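Please look over the sequence and the structure below before reading on.

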Amino acid sequence: MSSIISIDKHGAKYTISRHIYGHFAEHLGRCIYEGIWVGEDSSIPNTRGIRNDIVIALRNLNIPNLRWPGGCFADEYHWKDGIGPREQRPTIVNTNWGKVTENNHFGTHEFMDLCEQLDTEPYICGNVGSGTVQEMQEWVEYLTFNGESPMAKLRRENGREKPWELKYFGIGNENWGCGGKMRVEHYADKYRNYQTYVKDLSGNEIYKIACGPQEADYHWMEVMMREGMDRTEPVQDAIIENIWDYHRPEMNGISLHYYTRNRTNYGSATKFNEELWFDYMKRTMKIEGIIKNHAEIMDKYDPEKTVGLIIDEWGTWFGVEPGTNPGFLYQQNTLRDALIAGINLNIFNNHCDRIHMANIAQVINVLQAMILTEGEKMILTPSYHVFEMYKVHQGATLLPIYVSSPFYCYGKERLPRLNVSASQDETGKIHISLCNIDPNCTEETKIELEGLNLNSFIEGRILTATAMNEHNTFDEPEKIKPTAFGNYELGEGFLKISLPSKSVVVLEIN
Ligand code: AHR
């Protein structure tokens with residue numbers, strides 16, 4: 001027996017927000033156009049222009065939220081270009097992604113329709129980099145105001161009588177980079193300014209998300225936590241109930257972007273050796289230290305942990321598939337991506353005291369996608385399967401775990417072979433997700449859990465393959481998919497399992 005996992009049923013304290021399993025759709029390459037939006041006249045089956053196959057597949061993930069319209073696109077997006085009769089909408093240049101023409105056929109109404117079809121919460125990112133305060137304020141009014149106002153009137157003229165519910169709103173994206181190349185000292189003031197006009201209207205309550213750091217930029221986090229919200233005591237005389245909502249923090253969440261990539265050589269999604277397998281596992285695991293360091297800074301200013309860390313862009317970033325537009329970020333997705341998804345999600349679960357949301361980049365045809373499309377065909381990627389297997393953790397209670405794992409060694413370096421998280425859902429079922437990152441060795445593991453006995457009912461599923469780079473193609477769409485896992489032996493208070501090399505396993509204990 002080489003590894004032991006102890007699960008503490010009594011130490012449960014935090015809920016794994018279902019929003020950790022969120023997604024991201026940008027006007028980038030073939031994500032929105034072709035991937036989601038085909039238009040009402042398309043021969044591809046659709047509902048009001050939105051592909052039916054995509055909606056069915058994503059609903060199966062219990063997709064909790066969808067971030068839109070960017071990404072870098074968000075800070076060049078002027079929402080009024082995307083409303084009204086489609087043939088009259090202006091065309092613009094998508095300067096970040098291939099400099100292609102954007103016809104604005106997918107705009108606010110189409111996005112909110114998509115969210116309704118998916119039964120998911122919209123997460124809209126506003127334009128700080130090149131937009132005005134007024135423009136942002138009017139967008140929120142257009143979306144959420146139920147009374148008489150210029151924006152509510154415009155919305156009604158465009159066919160939507162009732163406002164939508166909108167909780168998540170981002171005040172800019174990557175404003176240290178494509179969103180305006182700002183210093184954090186400048187952005188902090190901009191944030192305070194813009195967010196003032198993002199108002200709660202008609203009973204709608206907005207969760208405001210500030211642009212946070214890239215990777216390990218701790219200075220950005222420090223300044224935003226210090227300056228981004230007003231923590232002074234309210235002046236009692238000025239408190240007028242229901243008029244001045246002084247008690248709400250002005251910053252509900254702050255983002256963090258971390259991609260698993262090598263910026264000096266993006267490499268290939270499908271052509272790699274073990275050295276690159278190891279390298280990408282290592283780059284992925286680095287996120288945990290970064291999360292801990294940011295959380296420490298956040299704890300200093302917000303010990304009650306009210307402000308959420310929102311990892312609204314994460315995932316693998318490889319070189320594009322040969323022959324495709326370099327600006328479209330289209331990459332294949334292999335078993336390596338599946339392990340990387342599993343590791344990240346386990347880490348996010350284990351830090352759910354601070355992480356309130358995460359959004360993998362991106363949902364279709366871009367970066368670490370859930371789904372790839374080619375004309376009317378679509379395939380589910382190994383990453384999709386991990387999200388589907390892990391959906392049992394959504395909204396469940398995190399169970400603390402203690403893992404003693406041997407190492408996966410490559411050259412002179414080593415990483416823990418096992419990566420794990422566990423939770424208990426409201427019906428009492430316990431779920432354990434395990435990744436064995438070693439591509440060569442099976443791991444014999446003992447799971448210690450009070451209450452287990454010979455009559456316990458265990459079910460398991462596994463995602464693995466013989467090759468490290470196994471992936472689905474349009475000709476062979478089901479080469480890699482989850483199968484039943486029954487490699488276990490039960491005892492009093494424990495379970496022994498044999499975890500195959502390079503595998504993701506989810507167990508259910510009843
Ligand atoms: O997800 C692709 C891009 O990566 C996003 O537009 C941007 O925010 C990030 O740099």
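## The barrel

How many strands form the closed barrel, and in which order do they run? In this predicted model, the closed barrel has 8 strands, in the order β2-β5-β8-β9-β10-β11-β12-β13, and their pairing is parallel. On average, neighbouring strands of this sheet are turned by 25 degrees against each other, with direction ignored.

Helix α2, residues 108-118, lies across β5 and β8, and it runs at about 150 degrees to β8.

## The open sheet

A second sheet is open and consists of 5 strands in the order β17-β1-β22-β26-β25, with mixed pairing. The edges are formed by β17 and β25 (488-491); each has a single partner strand, so one side of each is left without a neighbour in the sheet. Neighbouring strands here are turned by 15 degrees against each other on average, direction ignored.

Inside this sheet, strand β1 (residues 3-7) pairs with strand β22 (residues 443-449) in the parallel sense, over 5 bridges. In this pairing, I4 stands opposite K446 of β22.

## Domains

The protein is divided into two parts: domain 1 covers 17-266 + 307-393, and domain 2 covers 401-509. The distance between the C-alpha centres of domain 1 and domain 2 is 32 Å. Domain 1 gives 29 residues to the contact, and domain 2 gives 33 residues.

## The second largest pocket

The second largest pocket has a volume of about 420 Å³. It is lined by 18 residues, and those closest to its centre are E288, N350, I401, V403 and V420. Two or more lining residues come from each of the helices α7 (274-301) and α8 (335-350) and from each of the strands β17 (401-404) and β20 (418-424).

What is the make-up of this lining by class? The lining of the second largest pocket has 12 nonpolar, 4 polar and 2 charged residues.

## Cavities

Rolling a probe the size of a water molecule over the atoms shows where empty space is left. A search of the whole structure finds 2 cavities of 30 Å³ or more. The largest cavity holds about 40 Å³ of space. Its lining has 13 residues, and R67, G172, N173, S255 and D312 lie nearest its centre. The elements giving two or more residues to this lining are β8, β10 (207-210) and β11 (253-260). By class, the lining of the largest cavity has 5 nonpolar, 5 polar and 3 charged residues.

The second largest cavity has a volume of about 30 Å³. Which residues line this second largest cavity? They are Y77, W79, G126, N127, T132, E135, M136 and W139. Helix α3, residues 133-144, gives the most to this lining, with 3 residues. By class, the lining of the second largest cavity has 4 nonpolar, 3 polar and 1 charged residues.

Note on methods
Residues are numbered from 1 along each chain as its sequence is written. This is a predicted model: local features need pLDDT of at least 70, side-chain atom pairs count only at pLDDT 80 or more; totals for chains, interfaces and linings use all residues. Side-chain values use heavy atoms; hydrogens and water are left out. Two strands pair if DSSP finds at least two bridges between them. Helices (H or I, at least four residues) and strands (E, at least two) are DSSP runs, numbered from the N terminus. Axes are lines fitted to C-alpha atoms, for helices over the stretch in contact, and angles run from 0 to 180 degrees between N-to-C directions. Contact means heavy atoms within 4.5 Å. On a 1 Å grid over the protein atoms alone, a cavity is a set of points where a 1.4 Å probe fits but cannot get out, and a pocket is an open set with protein on both sides within 12 Å along at least five of seven lines; lining residues have an atom within 4 Å of a point. Grid points are joined across faces, edges and corners, and a volume is the space filled by probe spheres set on the points. Ala, Val, Leu, Ile, Met, Phe, Trp, Tyr, Cys and Pro count as nonpolar, Asp, Glu, Lys and Arg as charged, and the others, Gly among them, as polar. Domain bounds come from an automatic or database domain assignment.
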